Amino acid sequence: MRATFPHLLHLDVALGILYPSLGIEIVPPPPITQKTIEIGVKFAPQNACFPLKVTLGNFIEAIERGADTIFMVGGVGPCRFGYYGQIQRIILEDLGYRVQFVLLDHPRYGVRSFLSALRAMTGGRLFLPEIVRVARLSFAVLRFTEELEAHRRALRCQVKDPQELDRVIDGTIEALRRVKTLRELEALKTSTLEKLDALPRNGRKDFLKVGIVGEVYIAQETRVNFNVEKLLGDLGVYVHNSVSTVEYILHTFRPLTRSREKLEAWELAKPYLKRFVGGEGIDSVGSTIRYAREGFDGVVHLYPFTCMPEIVAKGVLQAVSRDFDLPVLHLAIDEHSGEAGLVTRVEAFVDVLERRKQEKKRGLKRNGSLSRS
Amino acid sequence: MRVGIPRGLLFYRFFALWKTFLEELGVEVVVSPPSNKAIIQHGLVYGVEEICFPVKVFLGHAYTLLGKVDALFIPRMVSFHKNEYNCPKILGLPDLVRNLFQVRSEAIIDEEVNMRDRGIRGWWEGFLAIGRRFTRDDRKIARALNRAEKAHREYRKKLQEGFLPENLIDHRPVFPRREKQVVLLGHPYLLGDSYINMNIVQKIHDLGYSVITPDMVPERTIRKALAILPKASFWTISNEIVGTAFSFLKKEDQNVRGFVHLVSFECGPDSLVGEVVERYIKREKRAFPYLRLEIDEHTGEAGLVTRLEAFVDMMEWRNAHHASHLPTPSAP
């Protein structure tokens, strides 16, 4: 068996640690490029959401590299993601690819198929102590890749040489692929944080702060969202991303594990959106409110074009933006998105935020009081 | 108390149920008028630009009721089938109306009806919560729901017999039956609103065909046909569309000549299940002609007519040339 899986930022690093120790040979898809997108767009339903197309492109590219088994997860809706695997399986069948499509779906769609998928995905070694150890390690690695990305977003506007920042972080992510134990991971963490601390700073303190909210794939996968966070960072903006695969996974296994972050966001969203509407719709609303409370200057809302939960969020965010006086830039991404248009919009957004900030400052000086914030 | 029901989305499914339930509780029900240009314009102006056309239409209807009623009736129909959902936009519908039009929370009846996990209990508790807005007498609510469900069953039965929602709601004339038939797939709020679907049923009828819609197929038939999929989707109405299509795939019914699938351009569920329907039709030996018609606020009537006419020509041609390939009906 030569198994493959969809890309999601650094998920391949974590799975690259997990699978070999389960005795499963993996063929990761090549990194997402324009070609991946073209392949996906060609064979996917025209009006399907963008992540379905990109991940279909991943599968086909991996099959062409020799993968014969696909690992994919399903879902319970109402977001379309939970039905991706079924559609992709039918498409690959019609294209004549002879691959085994292992689809791990919620047990409510059949306990037996759930167990057999789980067995296939773990090489039948689910409960060996060694597996628990490796699973913990790969989860910790995934968590650390997210921490690194958080540092990258926060530091880009503060360091003298952003390229050096990228070198340190990309170097560590490469090194993570060879980590064997939690102790090695800890050592790598310490040394990386020291390196990051040692990067010369540019001394700026009054940078704009922008939060990113949105759908879990598009808001994180920098290879399809035109790396909006780098774009913002290069414009001198401090960026925070509320979206996280780790939180997503933790939340999936509730009530066994819970994501405090998500529950908090859901609570905050309640006055505007009373319930879960699938995907990350309610998280986008809650996180935007949290950014408003934390004094961020603006929010960028990233989602696939026609994404159902995020469109509900978008409608609701108009009220949030008004009530909290917080500008929100909505960016819908699909294969037709052009980089130039997106860059122009982001730059204009940053200009607006900059001007608002200056005006607020001047207003404060004139009034001589801090009460008007 | 006057309560307004916007004429859109699930209204076409639950018209009889909602109206009877509210009236039994002593509420004066106001239904927004049939769609027209002005109503839809409100939805386009105040809606979210990327939201699907039927939601914009719904928002337009909700807007026209504002100020004319004491409350809007937008129950949160999370699920009306075990283990399934409605689409996220229906889940968030009351919140959209509240936030986009800045309506007070109390002025929207948005109690949740959710059968996904708890089946009929979720149904009853939802309507109980709605009823308690108007009365403290739970028995009265139970009685009202009982009568409403009876009206609902009658409404559904009429639909199954071949009536369209418009025949029953607005008493529009019924089209006479044609021998040749087209399976017209689509959500009830698209098929039921002849303004936004540009009179598609009439147009198909004028071309010499009767339509069979998912509402006309018994639910048991639909669910049985759906079982050929390893996993059906989690959207009830989309499943009914797939099941309807599947139930005709292997039928040796000489009168059914093709499938027309009417979808709104940004419909998430149909973007996936439409693909399933199309691919499963193509896999069959007797591959029915299949036409997907996407509509939104920019769709022109002329283009729609041209495509329908071309499709009818194709069905006729196929029928004439491939008749020998068709399974012969067994002699009685």
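Colleague: Where does M198(B) lie?

Modeller: Helices (H or I, at least four residues) and strands (E, at least two) are DSSP runs, numbered from the N terminus. M198(B) sits in the loop between α9 (188–191) and α10 (200–206) of chain B. This is a predicted model, where local features need pLDDT of at least 70, side-chain atom pairs count only at pLDDT 80 or more, and totals for chains, interfaces and linings use all residues. Residues are numbered from 1 along each chain as its sequence is written, chains are lettered from A and ligands numbered from 1 in the order in which they are written, and side-chain values use heavy atoms, with hydrogens and water left out.

Colleague: What is the phi of M198(B)?

Modeller: Start with the general idea. Most residues other than glycine have a negative phi. M198(B) has a positive phi, near 55°, and is not a glycine. L9(B) also has a positive phi, about 50°, and is not a glycine either. L9(B) is in the loop between β1 (2–5) and α1 (11–24) of chain B.

Colleague: Is L9(B) buried or exposed?

Modeller: Buried means under 20% relative accessible area, exposed over 50%, partly exposed in between (1.4 Å probe, protein chains only). L9(B) has 5% relative accessibility, so it counts as buried. M198(B) is buried too, at 12%.

Colleague: Which residues does a cis peptide bond join?

Modeller: Most peptide bonds are trans. Here a cis bond links G77(A) to P78(A), with omega about 5°. P78(A) belongs to the loop between β3 (69–73) and α4 of chain A.

Colleague: Now the interface. How many residues of chain A are in contact with chain B?

Modeller: Contact means heavy atoms within 4.5 Å. By that rule, 44 residues of chain A touch 45 residues of chain B. Y83(A), R108(A) and R275(A) supply 18% of the area that chain A buries against chain B, more than any other three residues. Buried area is the accessible area (1.4 Å probe) that two parts lose on being put together, summed over both. Between chain A and chain B that is about 4000 Å², with 57% from carbon and sulfur atoms.

Colleague: How many salt bridges cross the interface of chain A and chain B?

Modeller: A salt bridge needs a side-chain nitrogen of Lys or Arg within 4 Å of a carboxyl oxygen of Asp or Glu. The rule finds nine across this interface. One of them pairs D110(B) with K274(A), with the closest N and O atoms 2.8 Å apart.

Colleague: Which elements give two or more residues to the side of chain A that touches chain B?

Modeller: They are α4 (84–95) and α13 (308–324) of chain A. The largest share, 10 residues, comes from α13(A).
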